[in-house]
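Here are some notes to read alongside the model. Each point takes up one part of the structure, and the residue names can be looked up as you go.

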Amino acid sequence: MKVLGIETSCDECAAAVVESGEKILSNVIATQIPFHSIYNGVVPEIASRKHTEWIYAVVKEALDRAGLGINDIDAVAVTSRPGLLGSLLVGLSFAKAFAWARNIPYITVDHMLAHLYAPRLLCETNVEYPFLGLLVSGGHTIICRADNFDDITVLGTTIDDAAGEAFDKVAKYYGFGYPGGAVIDKMSRSGDSGAFNFPLPSLHKGDHRYDVSYSGLKTAAVNHPELFRVKKETIKNEDIAASFQKAAVDILLRALLNAAEDTGLSTIVAGGGVAANSYLRNCLAQHQELNCIFPPLELCGDNAAMIAGIGYHYLARGERSPLNALASARVVGFKKKYP
Ligand code: KG4
Ligand code: ZN
């Protein structure tokens, strides 16, 4: 079954064709970064307008690169949650129209579950359930147990900002560039991660053993010049970047390693934009007792191959979405349930 995947939840306009949930025939990602970087963040109104302008060409390109025509597509999968509502609606409406015009099935899928599915698109990577999922993006930070592609139990989340959001906000404050995560990652390579000793949150006991918090670290990094009465200009940017990155990753690692110890799960699958972070990857690689699976960089960030991939499994067991399916900015199940 050849599934056309469509992803427009944020600032990437993406389409892909994937065969039988694992073979990527094409994977087109048109990034809107240049249109948002002058504002140092995603402007939702611009994002949905660009998706509307680009979606047809992006889907056409995905078909062309796969060497297929529209009649070769068997089904459509599309992100309907979570994300920016206006952006989601563009992809969702396009997917409905495509499926309706061709009279083929279509299915709406969850963007975060799709991030966890990404490593399964690589035939050489054997991903067996259950595993621990680390979902780290611009809007979410989730540590979960995954028992199947559609069955996760949220163990921990952020209690305030998402990990990627903290990277973006610190980069914005210091004028490092956008998107902040990739810029800070690159700058950190020539910085001293021990230059500033940023505090870690005291969230490692009881109900919060797998939770994280980023607002304190973000505030500390941003207020550092004022607190220590140093001129912003005299601080070496690379040192701020490296010290912040170390603290941000250490926060994640502490919660993740607690979850690994308590659940006995030693396979960890990471997904979402922050999973591209080189320091996070290096730190986890040093844990020989863990089997850490990271998707390749092009499948870490937002892409439609993961949407087509996970969509295939719902379609294969006969599930279909109705033509009046709605988009949703949030997913209630991603909030942690306390005992
Ligand atoms: O999954 P994603 O592409 O979009 C969302 O679903 O949010 O994640 C985007 C986030 C942004 O906050 C970006 O700054 C962060 O991923 N990011 C990184 C890196 N590359 C992207 N964070 C840390 N290190 C990176 N190398
Ligand atoms: Zn994402």
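Predicted model: local features only at pLDDT ≥ 70, side-chain atom pairs only at ≥ 80, totals over all residues.

1. The shell around ligand 1. Which residues come nearest to the ligand? Of the 19 residues around ligand 1, they are Gly138, Asp168, Gly181, Asp185 and Gly273. By type, the shell divides into 12 polar, 4 nonpolar and 3 charged residues. Helices α4 (111–117), α5 and α6 each contribute at least two residues to the shell. The largest share, 4 residues, is from α6.

2. The largest nonpolar core. In soluble globular proteins, nonpolar side chains tend to be buried together. Here the largest nonpolar core has 47 residues, and those touching the most other members are Leu134, Phe198, Tyr214 and Phe244. At least two core residues are supplied by each of β6 (131–136), α5 (163–174), α6 (180–188), α7 (215–227), α8 (237–263), β9 (267–271) and α9 (278–285). Helix α8 gives the largest share, 13 residues.

3. Leu134 and a second core. Leaving out residues up to four places away in sequence, Leu134 touches Leu116, Ile142, Ile143, Leu252, Leu256, Ile268, Val269, Ala270, Gly271 and Leu280. There is also a second, separate core of 39 residues, with Ala114, Tyr117, Ile307 and Tyr314 among its members.

4. Val18. This residue is in strand β2. Is Val18 buried or exposed? Its relative accessible area is 0%, so Val18 is buried. Beyond its neighbours within four places in sequence, Val18 is in contact with Met1, Lys2, Val3, Lys23, Ile24, Leu25, Leu121, Ala305, Ala308 and Gly309. Tyr279 is 261 residues away from Val18 along the chain, and the C-alpha atoms of the two are separated by 31 Å.

5. Ser321 lies in the segment after α11 (305–316). Not counting residues up to four places away in sequence, Ser321 touches Tyr106, Ile107 and Thr108. Ser48 belongs to helix α2 (residues 44–66). With a relative accessible area of 15%, Ser48 is buried too. Apart from neighbours within four places in sequence, Ser48 is in contact with Gly86, Ser87 and Val90.

6. Cis peptide bonds. One cis peptide bond joins Arg81 and Pro82, with omega about -25°. Pro82 sits in the loop between β4 (75–81) and α3 (85–102). Another cis peptide bond joins Tyr129 and Pro130, and there omega is about -5°. Pro130 is in the loop between α4 and β6.

7. Positive phi angles. Ser20 is not a glycine, yet its phi is positive, at about 50°. Ser20 is in the loop between β2 (12–19) and β3 (23–31). Its relative accessibility is 31%, so Ser20 counts as partly exposed. Asn103 is likewise not a glycine and has a positive phi, near 55°. The loop that holds Asn103 runs between α3 and β5 (106–110). What makes Asn103 count as exposed? Its relative accessible area is 71%, and exposed means over 50%, so Asn103 falls in that class.

Note on methods:
Residues numbered from 1 in each chain as written. Chains lettered and ligands numbered in written order. Heavy atoms only, no water. Core = buried A, V, L, I, M, F, W, Y, C linked by side-chain atoms within 4.5 Å. Buried < 20%, exposed > 50% of the residue type's maximum accessible area, 1.4 Å probe, protein only. Contact = heavy atoms within 4.5 Å. Near = heavy atom within 4 Å. Nonpolar A, V, L, I, M, F, W, Y, C, P; charged D, E, K, R; others polar.
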